[in-house]
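Dear colleague,

I am passing on the structure we talked about, together with some notes on what turned up in it. Please open it beside this message and follow along as you read.

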Amino acid sequence: MSALLPPWFKPAAVVLGALSLVPFGVIARARNVTTTSPRIHIIRDMDSQEKFKAQAESALFADGRAMRPPVPGTVARGELMDDDHLERGLDPDGKFAATLPAALGLADDAKLAALLERGRERYGIHCAPCHGLSGWGDGMIHQRALLLTEKRPPEDGMQWVPPTNYHSDALRAYPVGRLFHVATHGIRNMAGYGAQMSTRDRWAVAAYVKALQHSQHPEMQ
Amino acid sequence: MSDWMIWKKGPETLPFGKRFDLHVRGVALLAVLGVGWVHLLVAYGASPKTTDVGYAPEQPVPYSHAMHVGQLGLDCRYCHTSVETGAHANVPPTQTCMNCHSKVLTGSPKLEPVRESFRTGKSIPWVRVHDLPDYAFFDHSAHVTRGIGCVSCHGRVDTMEVVSQVQPLSMAWCLDCHRNPEKHLRPPAEATNMRWAPPEGDTPDARHAFGKRFKADNHINPPTDCSTCHR
């Protein structure tokens, strides 16, 4: 029987076969490590179109942002914010309101319960890190800040003021409108959360803080 | 010797018989194998699992999700506030960093770009890690409010010192979940919980059973039409 393949085939196949595994090894490694080099997109096609997505850069504007703020002096439809109670937590006489605004549409207890539940969730996201889940001013950020102030030299200039504990007579006397105002604009060391939470969510949080205060200070009957 | 074992019968019975010289046949066989090799190489090497997964760009500030989320327990939504209401999950403005860092670690050199951004009003040039092609439409709010958790697409961000892409974000990968979403579904209130597991336990079966129930109860029917994502 004559040979089917030339005599050089076997060694060639062994060498080439071994070499052909090298790229797979390189790829297997690339699949299992992280890299700071940009993603490889071989066929770019329409992957990166000449358009701006949210929060993209644009050289056209001095601040480098493609997203533009509203033109000064303009008000978008529905954003006039002319309801003092809803937007600023104020009574008609200009004092902080002790009631929730009618504009929240809390027609029945179920709606109020839903608002409080929403408040519980948002409180957990935005307030509990400092004020603690029960409002005693013992959140994780506070604990961490205490550790850091202990560890760091005083010349570092870090001064930590503990977050406010809601369960004092002074804080219990806050009308809900004032809690809303603080949630919106901040107070002393606390930043405002007007940009991070919607108006309704800030009311929900204010109402929930009131509920928290009651929960930790039950009245004997 | 069976009839189909032609290579044992000698070259004259092969296709084209003796017309091909021995060397030509050797080269031809190598060429055929080479074509197969190239196919395998492209399928393996040009897959998004190779080209995209593992991307972990260096950021202007060494922000650690492992520290802030994993240890301090910050919710994803403390910073990424628009994820439940918008298509885009925002990178937070510098103000959000300064909520704490105007008081905490005020002298840290690592935080200088943050303070500078706060002073000057210039954006911190964060580098985007997860970026879909511009022809794909994706809405975060549609997913997190219908029971898809952050972890399904972004992985265990709460353990990442440096965020890296862990899923291919390819069309096949999207479709896989749109066709069989059960194993990823969870109560929407648990969307940002990186460690959520069904009450029955953290097993694939329990997840699938929960997802199946949730899908039926909430009429979760992910569309797979072209125009869902390419509009």
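In chain B, the C-alpha centres of domain 1 and domain 2 lie 47 Å apart. Chain B is divided into domain 1 (7-45), domain 2 (53-91 + 129-228) and domain 3 (93-125), with bounds that come from an automatic or database domain assignment.

Before going further, a word on conventions. This is a predicted model, in which local features need pLDDT of at least 70 and side-chain atom pairs count only at pLDDT 80 or more, whereas totals for chains, interfaces and linings use all residues. Residues are numbered from 1 along each chain as its sequence is written, chains are lettered from A and ligands numbered from 1 in the order in which they are written, and side-chain values use heavy atoms, with hydrogens and water left out.

Chain B as a whole has 11 helices and zero strands, where helices (H or I, at least four residues) and strands (E, at least two) are DSSP runs numbered from the N terminus. The radius of gyration of chain B is 26 Å, well over the 17 Å that the globule rule gives for 231 residues, so chain B is more spread out than a compact globule; this radius is taken over C-alpha atoms, and the rule is 2.2 Å times the number of residues to the power 0.38. Along the principal axes, the C-alpha atoms of chain B fill a box of roughly 85 × 50 × 35 Å. Of its 231 residues, 41% count as buried, and buried means under 20% relative accessible area, exposed over 50%, and partly exposed in between (1.4 Å probe, protein chains only). Among the contacts in chain B with a separation of 6 or more, 65% are between residues 24 or more positions apart, a contact being heavy atoms within 4.5 Å.

Chain A has seven helices and two strands, and along the sequence these follow the pattern α-α-α-α-α-α-β-β-α. Its radius of gyration is 30 Å, while a compact globule of 221 residues would have one near 17 Å, and its C-alpha trace spans about 110 × 50 × 50 Å along the principal axes. In chain A, 30% of the 221 residues are buried. Ala18(A), which has its place in helix α1 of chain A, is partly exposed at 46% relative accessible area, and its C-alpha atom is separated by 80 Å from that of Ala97(A), 79 residues apart along the chain.

Now to the aromatic rings. A pair of aromatic rings is described by the distance of the centres and the angle of the planes. Rings of Phe, Tyr and Trp (its six-membered ring) pair if their centres lie within 6.5 Å, and planes under 30 degrees apart count as stacked, over 60 as edge-to-face and the rest as tilted. By this rule there are nine aromatic pairs over all chains. One of them is formed by Phe24(A) and Trp37(B), which is edge-to-face, with 6.4 Å centre to centre and 80° between the planes. Phe24(A) lies in helix α1 (residues 9-32) of chain A and Trp37(B) in helix α1 (residues 22-45) of chain B, so this pair joins two chains. Phe24(A) is buried at 19% relative accessible area, whereas Trp37(B) counts as partly exposed at 26%. The rings of Phe210(B) and Phe214(B), by comparison, have their centres 5.9 Å apart and their planes at 20°, so that pair is stacked. These two residues are four apart in helix α10 (residues 204-217) of chain B, and are therefore separated by about one helical turn. Ring pairs also link Phe24(A), Trp37(B) and Tyr44(B) into a cluster.

Finally, which residues is His131(A) in contact with, leaving aside its neighbours within four places in sequence? They are Tyr123(A), Trp136(A), Gly137(A), Asp138(A), Gly139(A), Pro163(A), Thr164(A), Tyr166(A) and Met190(A). His131(A) lies in helix α3 (residues 109-131) of chain A and counts as buried at 10% relative accessibility. A polar atom of its side chain lies 2.8 Å from the backbone oxygen of Thr164(A).

Definitions and conventions: A polar contact is a pair of N or O atoms within 3.5 Å; within protein, one must be able to donate a hydrogen and the other to accept it, and residues adjacent in sequence count only if both atoms are side-chain atoms.
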